[in-house]
Amino acid sequence: QDSQEKETVAPERAEEAKLKAKYPNLGQKPGGSDFLMKRLQKGQKYFDSGDYNMAKAKMKNKQLPSAGPDKNLVTGDHIPTPQDLPQRKSSLVTSKLAG
Amino acid sequence: FPGAGGGNDIQWCFSQVKGAVDDDVAEADIISTVEFNHSGELLATGDKGGRVVIFQQEQENKTQSHSRGEYNVYSTFQSHEPEFDYLKSLEIEEKINKIRWLPQKNAAQFLLSTNDKTIKLWKISERDKRPEGYNLKEEDGRYRDPTTVTTLRVPVFRPMDLMVEASPRRIFANAHTYHINSISINSDYETYLSADDLRINLWHLEITDRSFNIVDIKPANMEELTEVITAAEFHPNSCNTFVYSSSKGTIRLCDMRASALCDRHSKLFEEPEDPSNRSFFSEIISSISDVKFSHSGRYMMTRDYLSVKIWDLNMENRPVETYQVHEYLRSKLCSLYENDCIFDKFECCWNGSDRQVLIVMTGSYNNFFRMFDRNTKRDITLEASRENNKPRTVLKPRKVCASGKRKKDEISVDSLDFNKKILHTAWHPKENIIAVATTNNLYIFQDKMN
């Protein structure tokens, strides 16, 4: 039982060492407050007027992108301007499961 | 199937696959929930685009004894739309997190579907006749000039092509500050619970403007937050009992008769951990992603990242059985953390209500799914793939080679495709038919009928 547990723990500890080697600033408690707070804040999209105006200024010199921007990127070039927003969400199309 | 032994005695065959063939998957097409209704005649799926598709099993063809009825599209509708809460600057996804069917009481079918914030009760009804012969209206709906009406007739119902209509009958909104992960209908068939990260609410199916908070684990100071609610379910027989699981691998059983606010559990199920075995990943992989009562209500099953555990409700200090789903991933946790796969939420399910047979099923990566037979203690790995789609050909078991020399037909851990995840599976309540969802396809498998 003990030796079996050691075998199963060793890979986990080795993986932990690998992760800490890559990210030395990684916090001690992954299940702790910061991580959970991030989970609770999913979907939060604050408006940043600075970024918005920067993006508008850049748009004047560029061609407007044809599709909606990546939802995950919320700074700089990727702030949606009213012209960028897609007219219809793709989900209003029938599911392919029903096809 | 009288006297059948177990999971490995069931010979699973491909039956159907639904969805697009192309590899370029639109986000909206990602399947997010799969659920059979109580009779198994209907199979519902929800997707990231907020759509629900319901399939209906064909009536069994008595002459075609080699297969059970196929599932064909019955109804499809847009359940939820994307929303933006301007007050909180919160984008609300339309993704359907869960669907739960109500037992059938009349001709119509009812289901609850939920996204992160709002639960809806949908009525699905059939219309196969329509009234004809109005006096004041033409057949196309235009009104007739009353002065041209010279005789009266009685409108009659005439048959029409079957139309299946879905209409939202109740909208249960504004009761969740955090993201809803579970809904569960009570055995009284009048109430249901909805659970988000920090709170659980009790609703009456008829009442939308009020809900009772029955669990609240939000700390007074959010800095003290250490765990969140990950899943919740009502007991199948005791209408006062429910359980909820946490991100720390615990399950709490609560009795609503004890107090209005069930913050103090009646039972706490937790497997003790050897502190010397603890690593950075321990808590993350112990987080329970799904909890399901057995049909009898005597046991419950939990799914964490690497295993499935069966708990006896009478024993809180450890599970009675633990099944390793993909133990070989323990030595890949670093990269699984980096690509976020370690946070994937796998569900699990019990076989249908045959008491002789006790099998549990759950998904894994590379479009593999696993079954564990509690009687024989044997397990099997199968793959949902279009390459295996010859009806009535038994699926070949798969094997992952954890280390060392890879045998022929085995697949090595490093070759697994972590983008091909099976998170959602469902087992027909009465027959050996299973529905397995890959990213954007729905597979239906049946056991080989002799």
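Modeller: Across the interface of chain B and chain A, in what is a predicted model, the rule finds 7 salt bridges. A salt bridge with an N to O distance of 3.5 Å joins the side chains of Lys42(A) and Glu93(B). Polar contacts, counted where both residues have pLDDT 80 or more, link 21 residue pairs across the interface of chain B and chain A. On the side of chain B that touches chain A, at least two residues each come from the strands β3 (42-47), β4 (51-57), β5 (71-78), β7 (90-92) and β16 (229-234), and likewise from the helices α1 (282-286) and α2 (333-338). The largest share of that side is the 5 residues supplied by α2(B). By residue class, the side of chain B that touches chain A holds 24 nonpolar, 18 polar and 21 charged residues.

As for extent, 63 residues of chain B are in contact with 40 residues of chain A. The size of an interface is often given as the accessible area lost when the parts come together. Here chain B and chain A bury about 4,100 Å² between them, and 58% of this lies on carbon and sulfur atoms. Within chain B, the residues that lose the most area to chain A are Glu91(B), Phe280(B) and Cys334(B), which together account for 15% of what that side buries.

Some aromatic pairs of chain B deserve a place beside this account. The structure holds 22 aromatic pairs over all chains. In one of them, the ring centres of Phe234(B) and Phe242(B) are 6.1 Å apart and the planes stand at 75 degrees, so the pair is edge-to-face. Phe234(B) is buried, with a relative accessible area of 3%, and Phe242(B) is buried as well, at 0%. Phe346(B) and Tyr365(B) also form an edge-to-face pair, because their planes stand at 85 degrees, with the ring centres 5.3 Å apart. This pair links distant parts of the chain, 19 residues apart, since Phe346(B) lies in the loop between α2 and β24 (348-350) of chain B and Tyr365(B) in the loop between β25 (359-363) and β26 (368-373) of chain B. Both partners count as buried, Phe346(B) at 0% relative accessibility and Tyr365(B) at 1%.

Finally, Lys292(B) lies in strand β20 (residues 290-293) of chain B. Lys292(B) is buried, because its relative accessible area is 13%, under the 20% cut-off. Leaving out residues up to four places away in sequence, Lys292(B) touches Arg100(B), Glu233(B), Tyr299(B), Met300(B), Met301(B), Cys348(B) and Trp350(B).

Key
Residues numbered from 1 in each chain as written. Chains lettered and ligands numbered in written order. Predicted model: local features only at pLDDT ≥ 70, side-chain atom pairs only at ≥ 80, totals over all residues. Heavy atoms only, no water. Contact = heavy atoms within 4.5 Å. Buried area = accessible area lost by both parts, 1.4 Å probe. Salt bridge = Lys/Arg side-chain N within 4 Å of Asp/Glu carboxyl O. Polar contact = N/O pair within 3.5 Å; in protein donor to acceptor, adjacent residues only side chain to side chain. Helix = DSSP H or I, 4+ residues; strand = E, 2+ residues; numbered from the N terminus. Nonpolar A, V, L, I, M, F, W, Y, C, P; charged D, E, K, R; others polar. Buried < 20%, exposed > 50% of the residue type's maximum accessible area, 1.4 Å probe, protein only. Phe/Tyr/Trp six-rings, centres within 6.5 Å; stacked < 30°, edge-to-face > 60°.
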